[in-house]
Amino acid sequence: MRCDRVSQAVGLRVSTSIFTVALAALAPASALAQTQDAPPANEAAAPEGDDVVVTGFRQSYADEVRTKRNTIEITDGISSDDLGRIPDLNIGEALQRVPGIQLNREAEGREATINLRGLPGEYARTTLNGVAFAEPILQSSTPLGAFASDIFSAVRVQKSPMADAQSGGLSGNVDLQIAPALSRKEGGRAKIAYDYNELGEQGEPSATLGYNAHLSENFAVFGIVSYKHEKFRRDSILFNTYGVLSATITPNFISRYADYYAPTGACATTYAAVVGCVAAAGGTGAKGVTGVQYVSQNRQYVRQNEGDQWSGAGGAEWQISEAMKFGVTGLYTDRRQSETVQNLQILNFTGTGVQVNPTSEVREGAGGAHYVENFNFANIAVINDSRLFPQVQKAWGINANLEYETGDWRLNTIGTLSKASNSAVEIFAEFITGQQAGRQNGTTGSFASGGGNYDDYALTIGPDPLSTGTPRVAWTWAGPADQQSWYDSPTGTPGRNRFNLAGTQSYGTSKVTAIQQDVERSFSDSFLSGIQFGSRFERNEYRSQGYRTNAAGIQGQNISSDFLAANPQNDDFFQGNLPGFNRNWQVLDMNKVVSALQPVTPVNGAALAPIGFNINYTDNGYALYNFTNDTDVLSIYAEAKYGTEIFSIPVRGIVGLRYEQAWNTVDALNRIRPASAGLGSPADYGFQRFENNYNQWLPSAIAVFDVTDELVVRLAGYRTYVRPHPRQFTPVTLVGAPSTTNVIPVTLGNPDLQPYTGTSFDGTIEWYNRKNGLVALSLFSKRFKGVVQQVRGARALCPTDGGNLGLGPLRVEGDQCLTGAGPDINGNPQTVSIAGFINSTTPYTVNGLELNVQQQLDFLPGVLRNLGGGFNYAYTTISGTNSDGTEATLPGISKHNFNVIGYYESKLFGVRLSYNFRSKYDLSSTGTFAGAARQVEPRGQLDASASLNLTEQVSLSINGFNLTNSTRKEYQGVEGQARRIDYDGRTYRVALNARF
């Protein structure tokens, strides 16, 4: 949109000026160093004059520089300020400012998952104070939005974890840190805040209260609790699928588009009037052979998120004696978006009797594809769809730590107990306008995708309203073959309208119990400065439940037009920035729907799902997502710490080796008999146990060259592995029942799926050019193999003999895998959709570069000395070949990513501007999307923070997020072939912070 482009341009100009000021520090730094003795690089920040303060932004950046300098591993991260604040919308938003981290904005509900160093989020390991804990993961990576940022002291990103660190972080470890009690200052802090989201004009109040008490010189306790009522929205336009124009749906098709098609069916070498035959003279399309594509399904979509989030942390620490210390730290979070609702209007420009008449020229897309942007239509299927989608993310964990240190020995014992859960409970209802060949259903209109320029998106459709919910005769359940549907008239009635009710419920619970023992022996006056070794036993328990529910047994007589109402977001959809959207859009009151259709009568006496509807036991999801997966891991490690000189340059480092042995047990459902009549039965399945074990040797090493007091060079390498998430695969091959679209889903089992491994090499040059100043350049290369991939496609997975699927012989036609069964009454063939997970045999390599500059400009005169800022840039590439021969890509990874940060901070007030930019990146074709893989357009976002110190103890802060009002846009191959636009709008926060 024009406003989006203008706002981004403004953001770039502001950010460029900030960058210029930040880099200005580098030139005078060298001259300054020649004229005065530089303070030690690892010295804590300290005031150099009345106008220079070390609180707020300045302190948090200084802490990060100091931590990076003193830590032997290659790390980056974020720290809270002196009030315990991390001034961002959530932990994920804050971490995107760390070099090499990218935030996944496609994750809805502000889940704040991240990618690290060119790899998706599931390749990173999330830890709590250095040890593993149960994460509230349902299927992908840790949703950092589940945790309130106020409870953490810092987040460290270990980019080269050593042998003593938790394994599993192929891209690195993300360590959430909660400071122990004795290290905290005596006193309390409080915050009252209010977030205002421009989209929907919605507010989110929040509050945080914490206190640290030193009950004696040797004993301290602390506690902190944070609450927020979440209420925010995302609006989207989705071009969900692209179909191909044909003579069946398009007027004057042959004369207009024959040049874009290859011969099909019973074609001659020149065009003949044969059904299914379209070709240019000579038997091939003169301009293309893949047809002309058009948007075959369009969606207008609103997701309203609402719920409560409670997070807390607490602990105690006791210095028992000079040699012994005991501490306990706990974490708790409960995020319930219990009032989340999704409203969609889905228009299917395909199906029986549809008419599509293009009104724009043919454009060329990627890979020889061609498409049209605009068309008129008639007789389409209209779906007004609404969904209840409550989600709950919970986690709690306790780490107990006993440390004993005397002389040259240090012993540390850590016990961990943690549990987490994540649930997504979807119930959807929809009214569908039916279609019938030779009979118009009255729908007509026009569509324009905008060709990537969303100002030009336009959709109109009649009649108004599109759905009535009034049956022609009476609502009648379709039966077991179409379990989610009720029709408004008897079978055989032309163009019957439909009411659908279904849902998918997913529940995942994980538990981690662990005990860890570390022992370290230090040496003086020796090349070997220390030896550390240890062991850890960890038990991981994962329980999964999943159901697909249907419309059987509901109170169907209560289906009513009273469910429908005009979409309340029609007045401010996209906050008025998308004038061409269709306002003829109805939604369903889902609370009214559920209330009217319950109680539900169980079918065949089977149990109802937890949400009170009948379960579809014939659906593959029942067997896929009801299982247990337990893994016991025994690990031992040893590492030697050394210090020496090479050519008079001090060198220190670690060489280590970790060994892990894992025993995995999966109890998965397997079909033991054909589906029972009706909806199937849980008795159709039986649990089958699969056992697997594997071991890994994981070497690591790092060398740190202290070239001068200001110049440090680090070289590191490590090997690690990642266990597949339990929901990534099933050991059992599952064959489902045909869907209403005549598709039989098949999931290929793979009980022998193994972890994937990676070897990483890192190098950094770090110049600490002044106190709290840093210029760092990092290079890394990660080679990994055995990556767990989902394989799809008829040509790869369609055995001609039918294999052991029980479907008889199969054959490949085009991109479809077909059974030997004949077509249905509508002439549609019965197809088989086969997918499975494998360990890829192709190695992949990710290479990257990271530049990080952080400066405090206290060498400037007068008030200018309060300036500071930073710039970081990451460049990432991937090389490799997929199993189908295509060039390797990883979803969600941008080649270019940079942050520009500038701040001004005095004793009275502080201001910070932050601009984040990432270049385009790929998305795989997943979910309900079809067609080619998608890309996301480059995106930049400007955020701002300001604080005013009202007294020494009280401050007022104001924050603005996404001030550029940036959107997220997807396309297919070329930007003109649009796929999606997401609009979140701006968010503002005002907060009152106090110490006491």
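Reader: Which strands each supply at least two residues of the nonpolar patch?

Author: In this predicted model, strand S9 (202–216) and strand S19 (391–406) each contribute at least two residues to the nonpolar patch. The patch covers about 850 Å² of surface, and its members are Leu209, Tyr211, Val225, Trp310, Tyr332, Trp396, Ile398, Leu417 and Phe996.

Reader: Why is Trp396 called partly exposed?

Author: Trp396, which is found in strand S19, has a relative accessibility of 33%. Buried means under 20% and exposed means over 50%, with partly exposed in between, so at 33% Trp396 counts as partly exposed.

Reader: What makes strand S1 and strand S5 edge strands?

Author: Five strands form an open sheet with mixed pairing, in the order S1-S6-S7-S4-S5. Strand S1 (75–79) and strand S5 (131–132) each have a single partner strand, so one side of each is left without a neighbour in the sheet. Helix H3 (residues 56–70) packs on this sheet, where it touches S1 and strand S6 (154–158), and the direction of H3 makes about 155° with that of S1.

Reader: What does the secondary structure of the chain come to, and how much of the chain counts as buried?

Author: The chain has seven helices and 52 strands, and 56% of its 996 residues count as buried.

Terms used:
Residues are numbered from 1 along each chain as its sequence is written. This is a predicted model: local features need pLDDT of at least 70, side-chain atom pairs count only at pLDDT 80 or more; totals for chains, interfaces and linings use all residues. Side-chain values use heavy atoms; hydrogens and water are left out. Patches are made of residues with over 30% relative accessible area and no salt bridge: like charges are joined within 9 Å, nonpolar side chains (Val, Leu, Ile, Met, Phe, Trp, Tyr) within 5 Å. Accessible areas come from the Shrake-Rupley method with a 1.4 Å probe; for residues, only the protein chains shown count as cover. A salt bridge is a side-chain nitrogen of Lys or Arg within 4 Å of a carboxyl oxygen of Asp or Glu. Helices (H or I, at least four residues) and strands (E, at least two) are DSSP runs, numbered from the N terminus. Buried means under 20% relative accessible area, exposed over 50%, partly exposed in between (1.4 Å probe, protein chains only). Two strands pair if DSSP finds at least two bridges between them. Contact means heavy atoms within 4.5 Å. Axes are lines fitted to C-alpha atoms, for helices over the stretch in contact, and angles run from 0 to 180 degrees between N-to-C directions.
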